[in-house]
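Visitor: I have a protein model to look at. Please walk me through it, one question at a time.

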Amino acid sequence: MTRTWPPFPAVTHVVDQSAIDAYAELSGDFNPLHVDPDYAAAGPFGSIVAHGPIGLQTVFEAVAAWLGVDRMPPGVLVEVAYRRPVRVGDAITCTGGDPADHAGALAVQATCVNQRGEEVLQALVVAPRALVAR
């Protein structure tokens with residue numbers, strides 16, 4: 001008998017400068033590519049870009065919703081590949097495939113895209129079955 005696991009939900013966040021500034025304060029990462037519009041405009045991306053974890057937040061929220069908890073619990077592994085920068089005003093949407101067996105756990109391949117459909121990151125989420133079975 002094949003077990004049906006809960007579907008991996010879609011989550012969208014719009015990135016604004018206040019979130020970037022708050023993350024800079026929290027992390028101590030005040031790289032001018034994130035917080036200085038003039039510096040960032042002259043840089044390789046042509047504008048301010050968000051810290052990597054800001055784009056990843058949609059994955060964390062989707063995992064928590066998938067598991068039916070308030071925040072991602074310990075024991076969940078997330079492997080990330082960043083594909084392109086996240087910019088101020090981007091609406092980042094995370095979607096995931098069907099959960100699949102993976103070495104005694106469940107794995108979901110998640111993808112985050114911006115409002116233009118451009119992939120900004122991919123994440124492999126691996127959760128112990130006991131967390132998903134709740």
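Visitor: Are Phe8 and Trp66 buried or exposed?
Guide: This is a predicted model, where local features need pLDDT of at least 70, side-chain atom pairs count only at pLDDT 80 or more, and totals for chains, interfaces and linings use all residues. Residues are numbered from 1 along each chain as its sequence is written, and side-chain values use heavy atoms, with hydrogens and water left out. Buried means under 20% relative accessible area, exposed means over 50%, and partly exposed is in between (1.4 Å probe, protein chains only). By that rule, Phe8 and Trp66 are both buried.

Visitor: What kind of aromatic pair do Phe8 and Trp66 form?
Guide: Rings of Phe, Tyr and Trp (its six-membered ring) pair if their centres lie within 6.5 Å; planes under 30 degrees apart are stacked, over 60 edge-to-face, the rest tilted. The count for this model is 1 aromatic pair. Phe8 and Trp66 lie 5.6 Å apart, centre to centre, with 65° between the planes, so the pair is edge-to-face.

Visitor: How many residues apart in sequence are the parts that this pair ties together?
Guide: Helices (H or I, at least four residues) and strands (E, at least two) are DSSP runs, numbered from the N terminus. Phe8 sits in the segment before strand E1 (11–14), and Trp66 sits in helix H4. The parts tied together are therefore 58 residues apart in sequence.

Visitor: Which cysteine does Phe8 contact, leaving aside its neighbours within four places in sequence?
Guide: Contact means heavy atoms within 4.5 Å. Leaving aside those neighbours, the partners of Phe8 include Ala62, Val63, Trp66 and Val108. The list also holds Cys94.

Visitor: How many disulfides does the structure hold?
Guide: A disulfide is a pair of cysteine sulfur atoms within 2.5 Å. For Cys94, the nearest cysteine sulfur is that of Cys112, 4.0 Å away. Cys94 is buried, at 0% relative accessible area, and Cys112 is buried at 0% too. The number of disulfides is 0.

Visitor: Where is His51, and which backbone oxygen lies 3.0 Å from a polar atom of its side chain?
Guide: His51 is found in the loop between helix H3 (37–41) and H4. With a relative accessible area of 2%, His51 is buried. A polar contact is a pair of N or O atoms within 3.5 Å; within protein, one must be able to donate a hydrogen and the other to accept it, and residues adjacent in sequence count only if both atoms are side-chain atoms. The backbone oxygen 3.0 Å from the His51 side chain belongs to Asp29.

Visitor: Which residue forms a salt bridge with Asp101?
Guide: A salt bridge is a side-chain nitrogen of Lys or Arg within 4 Å of a carboxyl oxygen of Asp or Glu. The whole structure has 5. Asp101, in strand E4 (residues 100–102), is tied to a residue in helix H5. With closest N and O atoms 2.3 Å apart, the partner is Arg129.

Visitor: Which side chain does Asn114 join through a polar contact of 2.7 Å?
Guide: Asn114 lies in the loop between E5 and E6 and is buried, at 4% relative accessible area. The Asn114 side chain reaches the backbone nitrogen of Arg116 at 3.0 Å. At 2.7 Å, the side chain joined to Asn114 is that of Glu118.
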